[in-house]
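Please open the structure in a viewer and keep the sequence panel at hand.

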Amino acid sequence: MNLLTLLIFIPVLFALVIVLLPSSVRGSFKYITLLATLLQLGISIAIYLNFKTGAATAGINHEDQFQFVQKLPWIALNLGSMGKMQIDYFVGIDGISVTLLVMSALVMVVATLASWEIKSNLKGFFLLFLLLDMAVMGVFCALDFFLFYLFYELMLLPLYFLIGMWGGVRREYAAIKFFLYTLFGSVFMLLVMVGLYLSVSDPATGSHTFNIIQMMNPANYAQGSVFSAAAHQTILGMPARTVGFVVLFIAFAIKVPVVPLHTWLPDAHVEAPTPVSIILAGVLLKIGGYGIIRICLGIFPEIASSGAFWLGLIGVVSILYGACNALAQRDLKRMIAYSSVSHMGFVLLGIASQTAEGVSGAVMQMVSHGFLSSMLFFLVGVVYNRVHDRDIYHFRGLGTQMPQYTAFVMVAFFASLGLPGFSAFVAEAFTLAGTFKSPTVNGLLPYWMAVCGSVGILLGAAYFLWTLQRMFFGKVSLKGGEVWKIALTDVSIREKLALIPMAVAALALGLMPSLVFGKINDSVLALIQFLQAK
Amino acid sequence: MITLTDFLLVGALLFCTGMYMIVSKRNSIQVLIGIELMLNAAILNLVAFGKYDKLNNGGQVFALFAIVLAAATTAVALAIVLNVYRRYKTIDPDEIKNLRD
Amino acid sequence: MGTALLHTDQTIISYTIAAVALPLAASIINFCLPVKSKAAGWISTLAILVGCVLSAIVFARVWNQQPLHTQKLWFTIGNTKVFAGILLNNLSALLLLLVSLIALPVHIYSTAYMKHDDRYSRYFTYLSFFCFSMLALVVADSMVLFYAFWELVGFSSYLLIGFWFTKDKAVQANKKAFIMNRIGDIGLLSAIIIIFAQFHTFDIDALFGQHGLVKFMGPDNGQWAFAPDRMPSNYGSVWTRGAMTTLPAIWQYIACAGIFLAVAAKSAQFPLHTWLPDAMEGPTSVSALIHAATMVAAGVFLLGRVYPLFTDTELTVLAVIGCFTAFMAATIALTQNDLKRVLAYSTISQLGYMILAMGVGAYGSSLFHLATHAFFKCLLFLVAGVVIHEMQHIKEENNLDIDPQNIQYMGGLRKKLPLTFIVAIVGSLALIGIPLTSGYLSKDGILIQAFEWSEGRSAWLKLIPAGALFTSWLTAFYVSRLIVKIFFGEFRLLKHHPDIKLHISDGGWQYRVPLILLAVCSLFPLFSLNPFFYEKAWLFESLKPAEFMARENIYHTIIPIGVNILSVFVMYAAYAIYVKRNTFSFPQTGFFYRLSYNQWYLDKIYKKVIVKPILGLGKTCFWFDRNIINGLIHSIERLSRAVADLTAWCDKYIVDGFLHSMAALVQSIGNFARKFQNGKVQYYLYSMLLIVLVLFILKILI
Amino acid sequence: MTLVRLLFYTMSFIAIGSALYAALSKNLVRSIFIFFVTLFALAGLYVIALADFVAVTQVVIYVGGILVLILFAFMLSGRETLNVIEQHKGKFINMAKVPAVILAALFLAVIVNIILKADADKLPWVKQAIAQKNEITPTSSTIDNIGVNLMTTYLLPFEAISVLLLMALVGAAHLSRKEGRA
């Protein structure tokens, strides 16, 4: 049994169990889900440990260098004169996916622990949760574009319901906004996907293929096909490959999200229940970054290079704009949501630099942000659960009231604002280093982008520290008075169980960045080489 | 010289006006006036053709008969109108629907 | 590195690691202890004591020897290998010893000072963590590590300033301190990245060491390139022109500016100095260790590390800023009434001296002053701690509503606190720079070298030594004022509250021992056997620049004498004004008084010019987000909704409408036909006529 | 243009115009009174058609008799008819009238068509009458001839009509008597 397949479909198995169980044992659903996610975490760690490094297993554009590959013919229709339709169940990982897989598995466990707060319609919630889990894992593993798209779309539906049914006051608005935004992106992605399918043929079988890796090879494009680099086809007066890149980029950029396609994020995060916020921030955003690396850069490398300036610019704007917005928030969750926008800007900036440091930094940032944002949202959930309020101005002096909670918040805040010793520091520093190196190495980005990016770090300190000062320090003074004082108990064992792994992971990555860099390095170098060769 | 056609055309116009009144008016008295108009149109025709019958004076004589008969019918019609009014308190022919199946 | 180290070197390295790691271990242990555990203090103190001994061994081994350098691969990113290691040269060994040496008395002092605090073990957790970060900072060999510890030092300072986090002012102060330090961090990070982009390495030794890369590169023709004039003649042509990628020269300036920002933030130089006075909200022992002796000196240490990077012009800028800061802080210190604030501004002023010294090329004097200043300033802060502690005691005992740090309430304490008084005098004299103290040695060295430096430079630059000179007299005045107000005259609190009880004393041995220790260290013998000539100090001799001029010119005689005679007069003047009150008193409404009292209004200006606009920008961005971007989305939504409405309308009225109109037609035909049977005379007539008409028409047509 | 022709046009214009006004007016009273004008104009037309006796009869019977009757009827039905007027005020084109207008217009078209096709002036008997001088000229007197003809050639119709008139008289009287006393 292939480990990846197992990893992807374990949630489905457990979902089936939940379906079959009667509602009278609904109390056990969360334990079943926890078991599923823990199993997943175990498998992902096994994958991580067995993952081979070295130039021979770099992956990226060599199918034989991927690991844990499973390739089964799935849909193979003989369409007569149209040729053969070839869709494979094709999963495999290289360095870029493997760390994200482990991160996602851990985030899923934490999200499950956060699901204890869900009280209504447990069966539905955990079913959707497990479905989402499967889709997320699938996206990171899929190497067939059709399969990728399938998982990608499959994520949307559970999320829509999870936000729309278990969310906050304006949940319907947020759910629909989220759904429309992402659907908008993916619908056009479908068109490009079909265009690519019709352009690319598998050299082995001669039929059209959805294989992402085959799409990276310019030789596989049919003569005169839409996306063939040699054919110079145009769509609406623009070069077809540029259009394809832009469309795919927009689809993933909505997920990341980048300014100005980000406005679904604050609403969705704020309205979503805590576990869903965790998954959204921890995993979903990474799919955007992962998609840009794997698909946008992989399939359209030359466009990615010529458009790198714009990518970088969007990244810088996201960093600064997100940070400025976070400064103005008084809803804790919304502030964290905007800080996500800011932090994910670094991912884009790093990818745009197309240097080894930049791309590694971007991947590191994704992993690190996965842990830290999950932790932050979990922490917001803790206080929201107790008093159903998140307004920063309504709290004061929580440091005295909930000392352990405050300690966790401080860890999360300082880690997020890039305190050395935590993962975000390494990620951001090297993203900036890569960005700054870019003008001399490949001349894609101007120098000033790195400088502007570093200002984002400063603003990050400003809003996090302001929140700390406003909410946690000072004398105890709560809007809800004595009632809140009784309600605001310190973190429970379960919450600690969820928070400590995150904090430890962030700290471990900060002290030993090689945990990530060691695994991704060969792939990143291969990617850079691939991009330079184009 | 005024030709016969001229008279006929005037008569036709009057006739049609009268017909319009009969069909459209919602007041029995106006309907009656319409009838009178039609009659007069007919009389005009009789008179006009009567010009060419000097010996027998057929046209003019029948015109006279027609005028007299019109007076008689008017008298009867008005009597009916009055009766209708007494019974239905209206002289709108639309309101009087007892003829309906 | 690849070269195998000697066995003794290996031992030294492990000693260093132990010295650095012991406080970390203590910190972790304390973190796990209950918050009120009294063991915490002794664990931390023990760690620092052992660390101190180890540091001394390391110092003895490394001082004036070949630098020791060892490193290990930390991680690889792309093709870049990032190493972590230890670099021990004169500079780092000195700082290593200095920090442990200062930290030890502060730890001892703290065990008594923080005795009654609810979060006693937390305090020592933070304090040990600070020691760890600071010690690691001085021995780190890689710019990345350096930056990491640089920021961790700031972080522990944040924790300690805000240690009493229920005090709003403390929390405001620690936020301010951290954000201001962050500005510096951004500068340092940018500088590191620029240096990395230029030289492809983070290794401090490779960059700034004896054969460091930086020495041979300088701004040249708009490129930051290989500079032949910087190359020593005897050095091989390993680095040839064009062998490396080069950045435009502007990035050399920006790197220097970044480093300067970092220095200014950490060492509280203008314009980033305003956090330091506020940072005095923390416990006094913390102020003594972090905000007077060690952490704030990190900026100077950084300058010492990256000294070769700076060109002559850039050094001049440094000198100007240092001089200005020294002068400004001294003027502010003249009028402050808060005991700790006066000391804070004097710290800023002294740090200004150090930067000035760096700027004028007095590298050795700068670090010498750093070392001497650390001792006497720490001493003064601990004295202040004792005084404040006793004032607090009076306040609590008598239920008064006074600020225990306000010197206006004090006076005549020399009789109550004799030991404190004596050590305070020693510290003050050192700060003023009176002979026989360590301060005299280091400060006069700076002044003399500044004058030498200004020789042959433009007249404007002569202002720098002149300003420094003037500042030293200002220093004499405010220090005297402080001492006089606290220890001489009568106890002013008694005037307002005649019946208060005064049960105060110098305190237990935990107070006395550190004070005496530091006082001894503030005298000349520790540094030089010759109390008058700074150039004879062993510390200076090891660090002095190569082209140092021996006592050749007149400055070496004239300045110490001139400075000291005038200083004595100034001190007497202060004594006369504040104790005897027999001479004039200062007007308290003049412009200069208000300027000084309000700290040159810089805080207010920053608040108005920087903080408000940034918050405003945040608000604007959010407004933009809510209204423009979201508005755009919503208008697209509205548009699509309108299209949907249109199609719905079409569906309802055009498509459905067709069906409905067919139905309506049929219905109306039915109605129409029905009308003929509605019993109305006119319709019967109408239909009759219609039929006639139809017949007519048919007849005509056919 | 001769004076006669001018008169003819004037008269026919007045007759048609007043008839149309009577038809279109929503006010019953106006309708009735304008109908007088029509009748007078028609009388004038009869004169132009060289039937002076018919014209006089027209005036006497219609204006003197029928219209007076109509006025009586109007007055007797009184307020009710006026209410109807009020309801339809203000609507220039009433959709309910459209079919009637169409009908009338079509009828007019048909009749005019027939008249023009028939070309009455060229009818054989008209030509014959002109040829035989059997044509009334403006100078000839017709009244005595009418009287003779009534009593000779048209005696039977004359009697029949007088009986009819009597019947109408009786009938009208019978109808209009008060119901309650019958």
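How many bridges join strand S1 (residues 68-77) of chain C to strand S2 (residues 80-88) of chain C, and do the two strands run parallel or antiparallel? Nine bridges join them, and the strands run antiparallel. The model shown here is a predicted one.

**Stop 1: the hairpin of chain C**

Select residues 68-77 and 80-88 of chain C, which are strands S1 and S2. Together S1(C) and S2(C) form a hairpin, with two residues between them. Highlight C:Gly78 in the turn, where phi is positive at about 60 degrees. Then select C:Leu68 and look across to S2(C), where the bridge partner of C:Leu68 is C:Leu88.

**Stop 2: the domains of chain C**

Next, colour chain C by its domain assignment, which gives domain 1 (1-141), domain 2 (311-597) and domain 3 (603-701).

The peptide bond that joins C:Phe270 and C:Pro271 is cis, with omega about 5 degrees. C:Pro271 is found in the loop between helix H8 (250-266) and helix H9 (275-278) of chain C.

**Stop 3**

Most residues other than glycine have a negative phi, and most peptide bonds are trans.

Select A:Val256 and A:Pro257: the peptide bond from A:Val256 to A:Pro257 is cis, with omega near -10 degrees. A:Pro257 belongs to the loop between helix H8 (240-255) and helix H9 (264-271) of chain A.

Now select A:Phe68, a residue other than glycine whose phi is positive, near 55 degrees. A:Phe68 is part of strand S1 (residues 67-78) of chain A. Is A:Phe68 buried or exposed? A:Phe68 counts as buried because 21 other C-beta atoms lie within 10 Å, and 20 or more is the criterion for a buried residue.

Chain A has no contact with chain B, and the closest C-alpha atoms of chains A and B lie 59 Å apart. Chain A likewise has no contact with chain D, with closest C-alpha atoms 50 Å apart.

**Stop 3: the helices of chain B**

Chain B has three helices and zero strands, and from the N terminus on its elements run α-α-α. Of its 101 residues, 63% count as buried. Among contacts in chain B with a separation of 6 or more, 45% are between residues 24 or more positions apart.

An unreviewed UniProt entry lists residues 7-23, 29-49 and 61-85 of chain B under "transmembrane region". Residues 7-23 of chain B are 100% helix and 0% strand, with end C-alpha atoms 24 Å apart. Residues 29-49 of chain B are also 100% helix and 0% strand, and their end C-alpha atoms lie 30 Å apart.

Then select B:Asn57 in the loop between H2 and H3 of chain B. B:Asn57 is a residue other than glycine with a positive phi, near 55 degrees. B:Asn57 is buried, with 26 other C-beta atoms within 10 Å.

**Stop 5**

For chain D, the unreviewed UniProt entry lists residues 6-24, 31-49, 55-77, 98-116 and 154-175 under "transmembrane region". Residues 6-24 of chain D are 100% helix and 0% strand, with end C-alpha atoms 26 Å apart. Residues 31-49 of chain D are 95% helix and 0% strand, and their end C-alpha atoms lie 26 Å apart.

Which chains have the most contacts among the four pairs of chains that touch? Chains B and D do. In this interface, 66 residues of chain B are in contact with 73 residues of chain D. Helix H1 (4-24), helix H2 (28-50) and helix H3 (58-88) of chain B each supply at least two residues of the side that touches chain D. H3(B) gives the most to this side, with 22 residues. By class, the side of chain B that touches chain D comprises 43 nonpolar, 14 polar and nine charged residues.

Key
Residues numbered from 1 in each chain as written. Chains lettered and ligands numbered in written order. Predicted model: local features only at pLDDT ≥ 70, side-chain atom pairs only at ≥ 80, totals over all residues. UniProt positions renumbered as here; feature names shortened; annotations may be inferred. Helix = DSSP H or I, 4+ residues; strand = E, 2+ residues; numbered from the N terminus. Domains from an automatic or database assignment. Buried ≥ 20, exposed ≤ 12 C-beta atoms within 10 Å, placed from the backbone. Contact = placed C-beta atoms within 7 Å. Pairing = 2+ DSSP bridges. Nonpolar A, V, L, I, M, F, W, Y, C, P; charged D, E, K, R; others polar.
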